[in-house]
Amino acid sequence: MEKLSFGILDFGMRQQGLNSLMKLDDVVKSAIDAEHLGYSRYWISEHHFSQKSLAWSNPQAVVPILASSTNRIKIGVAGVLLGMYSPYHVATFFKMLNNVFQRRIDLGIANGSPSSRAVSYAMEYDKADMKESFEDKFSKLIHYLRDDDDLYEEGKGVVVPPYKGYAPEVWTLSTSAYRTAERVINLQLNLSRSICHEMSEKDFAKEKLQKLKEDYRQKHGVYPKVNLVVGIICHKTMKKAQQMAENYKAAGDYLNIVGCPSYFKEKIFELRESYGVDEFILYNYSVNTQERALSMRLISKEFNL
């Protein structure tokens, strides 16, 4: 297997007392730290909560801020709730950003279900009236990102700038290793599988994942990129990590690893063997700025990132 790599997933959640802009400022500092510590990616989520201090609702506004504040680390969204958007507009935004920021932009797509109110505001019709399926929208998005000549139609069509530019890496987000296999192969996508989101399947499905990779290689000549999103609490000692985890009991089994750096390393290697992946995206359940920063440093040091 290849060397392990680690990315960060950030929901923008921070301790009480911080307004939206203060939380956003902390996320920017966290992304800068992650780059210095050797992390591979920094992904942010899309959520539409009824919360006055929400750091953001539309991550597309935050991606260029993070990308312009960093130099090497990949910046992305995990994921865009495509059901709320025009695939054409998503394509134009992320393709441009990926070329401006030296191919460092990741585009993760989620089939999430925001509130009916959020959908009605975004699309100006009710969720029940949505006419296109998620799969149809995903196919259109890939078409707009990759098929420059077909779109151009010898000057009769449109251009998604820059013409013949680099499309971003596209990831389909899933809580299953095999439900999205057909989509991954047919649309030539990468797969980010979460075991820390609601309804996540805990079945390792290593053999199914390996078959997906081989089927993908047979069709496209290369293997897809695959990573695993895990929920964590990491501190200097087991006792302190377990004390912190008491604040997040509601997470249940979705809080996948709680412990000190050496224990964390042991569990990561177990997950690597069980799930058959070499990249992990870490979702830190702690909302405390200092605890989050310490966790990133401890993990970076333990794995020599």
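In this predicted model, Arg41 forms a salt bridge with Glu279, with the closest N and O atoms 2.9 Å apart. Arg41 belongs to strand E2 and Glu279 to strand E9 (residues 279-284), so the contact ties together parts that lie 238 residues apart in sequence. Both Arg41 and Glu279 are buried.

Arg41 has a further partner in Asp106, where the closest N and O atoms are 2.8 Å apart. This pair also links distant parts of the chain, since Arg41 is in strand E2 (residues 41-44) and Asp106 is in strand E4, 65 residues away. Asp106 is buried, as is Arg41.

Asp149 lies in helix H6 and Lys164 in the loop between H6 and E5, so here the parts tied together are 15 residues apart in sequence. Asp149 counts as partly exposed because its relative accessibility is 44%, the limits for that class being 20% and 50%. Through shared partners, salt bridges join Arg41, Lys74, Asp106, Glu169, Lys225 and Glu279 into one network. The count for the model comes to 21 salt bridges.

| Salt bridge | N to O distance |
|---|---|
| Arg41 and Glu279 | 2.9 Å |
| Arg41 and Asp106 | 2.8 Å |

The next topic is the largest pocket. Its volume is about 790 Å³. The lining of the largest pocket consists of 32 residues, and Leu81, Ala110, Asn111, Gly112 and Leu173 are those nearest the centre. By class, eleven of the lining residues are nonpolar, 16 are polar and five are charged. At least two lining residues come from each of strand E3 (74-81), helix H5 (134-146), strand E5 (169-174), helix H7 (181-187) and strand E6 (190-194). H7 provides the largest share of the lining, with four residues.

Strand E3 also contains Gly79, which is joined to Ala78 by a cis peptide bond with omega of about -10 degrees. Pro162 is located in the loop between H6 and E5. Most peptide bonds are trans, and most residues other than glycine have a negative phi.

Two residues other than glycine have a positive phi here. For Gln102, phi is near 50 degrees; Gln102 sits in the loop between helix H3 (87-100) and strand E4 (105-110). Gln102 counts as exposed because its relative accessibility is 58%, the cut-off being over 50%. For Glu153, phi is near 50 degrees, and the residue is placed in the loop between H6 and E5. With a relative accessible area of 47%, Glu153 is partly exposed.

The loop between helix H6 (148-152) and E5 also holds Val159. Val159, Tyr152 and Tyr163 make a nonpolar surface patch of about 250 Å². Val159 has a relative accessibility of 32% and therefore counts as partly exposed; patch members must have over 30%.

How values were computed
Residues numbered from 1 in each chain as written. Predicted model: local features only at pLDDT ≥ 70, side-chain atom pairs only at ≥ 80, totals over all residues. Heavy atoms only, no water. 1 Å grid on protein atoms, 1.4 Å probe; cavity = no way out; pocket = protein on both sides within 12 Å on 5 of 7 lines; lining within 4 Å. Points joined across faces, edges and corners; volume = space filled by probe spheres on them. Nonpolar A, V, L, I, M, F, W, Y, C, P; charged D, E, K, R; others polar. Patch = residues over 30% accessible without salt bridge, like charges linked within 9 Å, V, L, I, M, F, W, Y side chains within 5 Å. Areas by Shrake-Rupley, 256 points an atom, 1.4 Å probe, with all protein chains shown as cover. Salt bridge = Lys/Arg side-chain N within 4 Å of Asp/Glu carboxyl O. Buried < 20%, exposed > 50% of the residue type's maximum accessible area, 1.4 Å probe, protein only.
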